[in-house]
Amino acid sequence: MPHIHTQPGEHDFTASAFIIRLDRLDEHGKPKLLLHRHKKLHKLLQFGGHVELNETPWQAVLHELAEETGYEPSQLKLLQPPGMITSLSDANLHPYPVCINTHTFDPLHNHTDIAYAFTTDQPPSAKAGEGESVDFKLVSEAELQLLTEEVIKTNVKEIGLFVFNTCLNDWEPQNLDEWR
């Protein structure tokens, strides 16, 4: 979807996914983070995109995952913090994000992003959608730490390291159908 807001200083709402591949290990037996090279920015990013006017951030991240990676919901586990609220009487409860942040996309445009963390132990069952980036890269935590601003957006690197160090260790994997 194109940018909804086009005036300087406005914000588009986005949702994104950090995917840890448990089946692709580094030389120390640790999992790797799946990223892609963004076609316009030419940097490594997590998967995601704009929240459309008729969807929630959770619905957006699910459709972006399918479009950009080829993953089906049944192939992924959502990482969620322990002790979280599990139901509300009069509202739909959404999963906890890893991070909510606002960052500059280009000099006149901002994105406010809700980022979620996922794990999988398999490759995607389908191909990425037509026109999507297929330049995927798997990086270990050690490799991620060494990537420079020329290769990866700094906020993506920082959130990825949080996913490796906190979410992967302390958060609980859940089936995605628990959140539909």
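Which element gives the most to the lining of the largest pocket? Helix α1 does, with four residues, and the close-up views below begin with that helix. The model is a predicted one, in which local features need pLDDT of at least 70 and side-chain atom pairs count only at pLDDT 80 or more, while totals for chains, interfaces and linings use all residues. Residues are numbered from 1 along each chain as its sequence is written, and side-chain values use heavy atoms, with hydrogens and water left out.

**View 1**
Helices (H or I, at least four residues) and strands (E, at least two) are DSSP runs, numbered from the N terminus. The 13 residues of α1 should span 18 Å at 1.5 Å a residue, which agrees with the 17 Å between its end C-alpha atoms; the expected span is 1.5 Å times one less than the number of residues in the helix. Helix α1 is mostly covered, as 10 of its 13 residues are buried, where buried means under 20% relative accessible area, exposed over 50% and partly exposed in between (1.4 Å probe, protein chains only). The buried residues include Pro-57, Trp-58, Val-61, His-63, Glu-64 and Glu-68, and the buried residues of α1 pack against β1, β2 (31–37), β4, β5 (77–80), β7 and β8. Just after the helix, Gly-70 takes a positive phi of about 90°.

**View 1. The aromatic cluster of Trp-58, Tyr-116 and Phe-118.**
Ring pairs link these residues, Trp-58, Tyr-116 and Phe-118, into a cluster, and the structure holds three aromatic pairs. Rings of Phe, Tyr and Trp (its six-membered ring) pair if their centres lie within 6.5 Å, with planes under 30 degrees apart counted as stacked, over 60 as edge-to-face and the rest as tilted. The rings of Trp-58 and Tyr-116 are edge-to-face, because their planes stand at 70° with the centres 5.3 Å apart. Since Trp-58 belongs to helix α1 (residues 57–69) and Tyr-116 to strand β7 (residues 109–120), this pair ties together parts that are 58 residues apart in sequence. Trp-58 also forms a stacked pair with Phe-118, at 6.2 Å centre to centre and 15° between the planes, and this second pair links helix α1 to strand β7 across 60 residues. Trp-58 is buried, with a relative accessible area of 4%, as is Phe-118, with 0%.

**View 2. Val-61 and its surroundings.**
Val-61 is found in helix α1 and counts as buried at 0% relative accessibility. With residues up to four places away in sequence not counted, Val-61 touches Ala-15, Ser-16, Ala-17, Tyr-116 and Phe-118, contact being defined as heavy atoms within 4.5 Å. The C-alpha atoms of Val-61 and Ile-20 are separated by 15 Å, and these residues are 41 apart along the chain.

**View 3. The largest pocket.**
About 700 Å³ of space lies in this pocket. On a 1 Å grid over the protein atoms alone, a pocket is an open set of points where a 1.4 Å probe fits, with protein on both sides within 12 Å along at least five of seven lines, and lining residues have an atom within 4 Å of a point. Grid points are joined across faces, edges and corners, and the volume is the space filled by probe spheres set on the points. Of the 31 residues that line the largest pocket, His-38, Gly-48, Gly-49, His-50 and Glu-68 are the closest to its centre. Two or more lining residues come from each of β1 (11–25), β4 (47–50), α1, β6 (99–106), β7 and α3.

The 17 residues of α3 should span 24 Å at 1.5 Å a residue, and its end C-alpha atoms are 23 Å apart, which agrees. Helix α3 bends by about 40° at Val-163, the bend being the angle between axes fitted to the seven residues ending there and the seven starting there. Glu-158 lies in this helix (residues 154–170) and counts as exposed at 51% relative accessibility, whereas Val-163 and Phe-164 are among the buried residues of α3. Ser-140, placed in the loop between β8 (136–139) and α2 (141–146), counts as buried at 3% relative accessibility. Leaving aside neighbours within four places in sequence, Ser-140 is in contact with Asp-26, Pro-31, Lys-32 and Phe-164.

**View 4. The loop residue His-42.**
His-42 sits in the loop between β2 and β3 (44–45) and is exposed, with a relative accessible area of 54%. Its phi is near 60°, a positive value in a residue other than glycine.
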